[in-house]
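Colleague: I'm new to reading protein models. Could you walk me through a few features, one at a time?

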Amino acid sequence: MPQMSMIEAIRDAMDVKLGEDDNVVVFGEDVGYFGGVFRCTHGLQQKYGTNRVFDSPINESGIVGTAIGMGAYGLRPCIEIQFADYIYPAYDQIVSEAARLRHRSNKDFTAPLTIRTPCGGGIFGGQTHSQSPEALFTHVSGVKTVMPSNPYDAKGLLISAIEDDDPVIFFEPKRLYNGPFDGHHDKPASNWSKHLLGDVPAGHYTVPIGKASVFSEGSDVTILCYGTMVFVAEAAKKETGIDAEIIDLRSLMPLDVDTIVESVQKTGRCMVLHEATLTSGFGAELAAQVQERCFYHLEAPVVRVAGYDTPYPHAQEWDYFPGPARVGKELKAMMEAV
Amino acid sequence: MSKYAPLRFHVPQPTGRPGDEPDFTGIEIPAAGSVRRPAVDTKAADMKELASTMVRVLNRDGKAVGPWAEGISDEILLTGLKNMIRVRTYDERMMTLQRQGKTSFYMKCTGEEAIAVGFKAALSKGDMNFPTYRQQGLLLSTDYPLFKMVCQILSNSEDPLKGRQLPIMYSSKEHGFFTISGNLGTQFVQAVGWAMASAIKGDTKIAAGWIGDGSTAETDFHAALVNASVYKPPVILNVVNNQWAISSFRGMAGGDHATFAERALGYDIPALRVDGNDFLAVYAASSWAVERARRGMGPTFIEWVTYRVAPHSTSDDPTQYRPKEESAAWPLGDPLLRLKNHLIGRGLWSEERHTQAESEYNDEIRAATKEAEKYGVMGSGSSPKNMFDDVYKEMPPHLREQRQKLGV
């Protein structure tokens, strides 16, 4: 199988769909000729032409708004918002329009669009290039929200998203674009060429939306996480020796409750881990689900580890980032609690 | 100490409030027939004055004059008049239903009927409108079943939108009518996207976006214009300037001392400013813009100058914020009467035929209403199950669980 970075896997997914389906179009800021600031669309305009892959004005509400119009016509737009931090001007178009067309028009109009957007920190991006706003979308009825953690899932999930007849917000943890980053920013970066999940099949395959993956089996505690935190959790597991079961949720909405419940009922402990700010984060929903469904199996309270409720800092990035040391400390405390 | 006087904050005020005499002296109205009709391939920069003046066809004597009067068939005018009568009759009937407590909400388009009806007459089947809430004429001048329209107003068991939408927020893809949003302005840029898709696919269909003068202040207005300017898709961007956005006069959207049409020029989009109460001018300007779009010449911006005679909605009372006599003083008159008088003057119509048409539409709408009421009024007959369906194409587990808990 070809070895791919997450960037190459994402590009390959769009390449596959552009090749298979004439109704797929790809556009966004710097996406066309240049191939995107993270290079995810590199070469696609040259291959498919400016009718299919093109630049947009710096106008996020316009990118999503025009894509909704295209979807109503019958196209299947896969659009890029350059940073998740820039998605807010498009929020009204996503929440009030894309998410609601099917329901409010009784299926007369739908918005089968995919909104790709890089999220998360770890690249010294400061507060406007580092945010993880996934909870703003999981709270919205009518959209699906996914976040892959590796090249294999990224390609399969992106193909699923483009083929999905409902709008999908596709978050790309940018710190994972080139390698499986585990939070040890002071150590040399590794890349996907040496990782099993960098093995990406050529051609068409899908990873279903709504299915979590058991990233690493264990029996002491369940860690519910997604995106960059999957590898942080793995590092903390190794470093503490605590036999954690790491669930990579992949899809936040719809959520794979069955996989979560099965794991927590087995381990009896649950940590919820995300990079986004703590309060009203997606972890709150996860903690509530676990409490409702696994209360009598729990041996300790559910613990949330997340970004602080501050703007994402620049100079203090690694104090903010929930790295393996913070995760490990909380894991130990959980195990000692009972 | 500063050498400057203290700064003063400016909040625009209309020319009249309740108790004042109506004052429209600030609205310049050129003589009918005085505005040139450029070729459809004219560049925006070569027809700038058309964004500042007003295209008018019907003069004070009810005669059609000037270059925009040419090429309009009698059939278009007669059908247009009938459709305008149909719209006005429908509005009055739905208002009655609201007063009877059979629907929660209604919005009339009184005084603005010519715009939607005349514009729709210039479109072809397959073209798509992205309307606001005051373009019922786009649907009522098609064969869309009245029964379904009334059921939507009543939110009953036959409501085609299953009680999910506020009354008047119709949707019909088949009739070129995009699902109406209550979030103002969003549809304007979606129309541009639909037109982009038509161009991408090498189709021949065109799109039309609609927005009110007040909502031009929304960011999506700019989004629509910049994307239309960049991609040059086959779209017509309509601003219905009816002077009032609930209680805010057009000046609260920056439209007091500059016209809305003039904004298009900064985006290199050809713009027309048109007497929206003159059916012939509406049809001629619409046809001009449709021809431009169809021939691949890109977007056209049209400002329709009109007056909102009706309250904003059944929840609004305009006597609280504008002079009582303002609508009667509106200098562009009543679009229905103007077309009627024109056709009578030409011997194509008569008072008798007019009364007969009003009576026929009244009967038609009464019959449809009577039939619709059998399926419930004011939300009765609508199933709670309808809430959960179609949120997604396939119902995800969490919604299934919530629906089961409700027991439906």
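This is a predicted model: local features need pLDDT of at least 70, side-chain atom pairs count only at pLDDT 80 or more; totals for chains, interfaces and linings use all residues.

Colleague: How many residues line the largest pocket, and which lie nearest its centre?

Modeller: There are 41 lining residues, and those nearest the centre are M253(A), P254(A), L255(A), P396(B) and H398(B). Looking at elements that give two or more residues to this lining, you get α6 (135-138), β10 (251-253), α9 (257-267) and α10 (282-294) from chain A, plus α12 (397-406) from chain B.

Colleague: What does the lining of the largest pocket have by class?

Modeller: You'll find 16 nonpolar, 10 polar and 15 charged residues there.

Colleague: And how about the second largest pocket?

Modeller: That one has about 540 Å³ of space. It is lined by 29 residues, and G26(B), I27(B), R250(B), D256(B) and R273(B) are the closest to its centre. Sorted by class, its lining has 11 nonpolar, 10 polar and eight charged residues.

Colleague: Okay, on to strands. Which way do side chains point in a regular strand?

Modeller: In general, they alternate between the two faces of the sheet. Now take strand β7 (residues 300-305) of chain B: T300(B), I302(B) and W304(B) point one way, while F301(B), E303(B) and V305(B) point the other.

Colleague: Why is β7 of chain B said to be largely enclosed by the rest of the structure?

Modeller: Because six of its six residues are buried.

Colleague: Which strands are joined to β7(B) by bridges?

Modeller: Strand β3 (residues 235-241) of chain B is joined to β7(B) by six bridges, and the two run parallel. Within that pairing, I302(B) has N238(B) opposite it. Strand β6 (residues 271-275) of chain B also runs parallel to β7(B), with five bridges between them. There, W304(B) is the bridge partner of V274(B).

Colleague: What do β6(B), α8 and β7(B) make together?

Modeller: They make a right-handed β-α-β unit, in which the helix is α8 (residues 279-294) of chain B.

Colleague: Last one: is V16(A) buried or exposed?

Modeller: For this you need a cut-off: buried means under 20% relative accessible area. V16(A) has 13% relative accessibility, so it counts as buried. You can find V16(A) in helix α1 (residues 6-20) of chain A.

Colleague: What is V16(A) in contact with, leaving aside neighbours within four places in sequence?

Modeller: Its contacts are K155(A), I159(A), G203(A) and H204(A).

Key. Residues are numbered from 1 along each chain as its sequence is written. Chains are lettered from A and ligands numbered from 1 in the order in which they are written. Side-chain values use heavy atoms; hydrogens and water are left out. Buried means under 20% relative accessible area, exposed over 50%, partly exposed in between (1.4 Å probe, protein chains only). Helices (H or I, at least four residues) and strands (E, at least two) are DSSP runs, numbered from the N terminus. Two strands pair if DSSP finds at least two bridges between them. A crossover is right-handed if, with the strands pointing away from the viewer, the path from the first strand over the helix to the second runs clockwise. Contact means heavy atoms within 4.5 Å. On a 1 Å grid over the protein atoms alone, a cavity is a set of points where a 1.4 Å probe fits but cannot get out, and a pocket is an open set with protein on both sides within 12 Å along at least five of seven lines; lining residues have an atom within 4 Å of a point. Ala, Val, Leu, Ile, Met, Phe, Trp, Tyr, Cys and Pro count as nonpolar, Asp, Glu, Lys and Arg as charged, and the others, Gly among them, as polar. Grid points are joined across faces, edges and corners, and a volume is the space filled by probe spheres set on the points.
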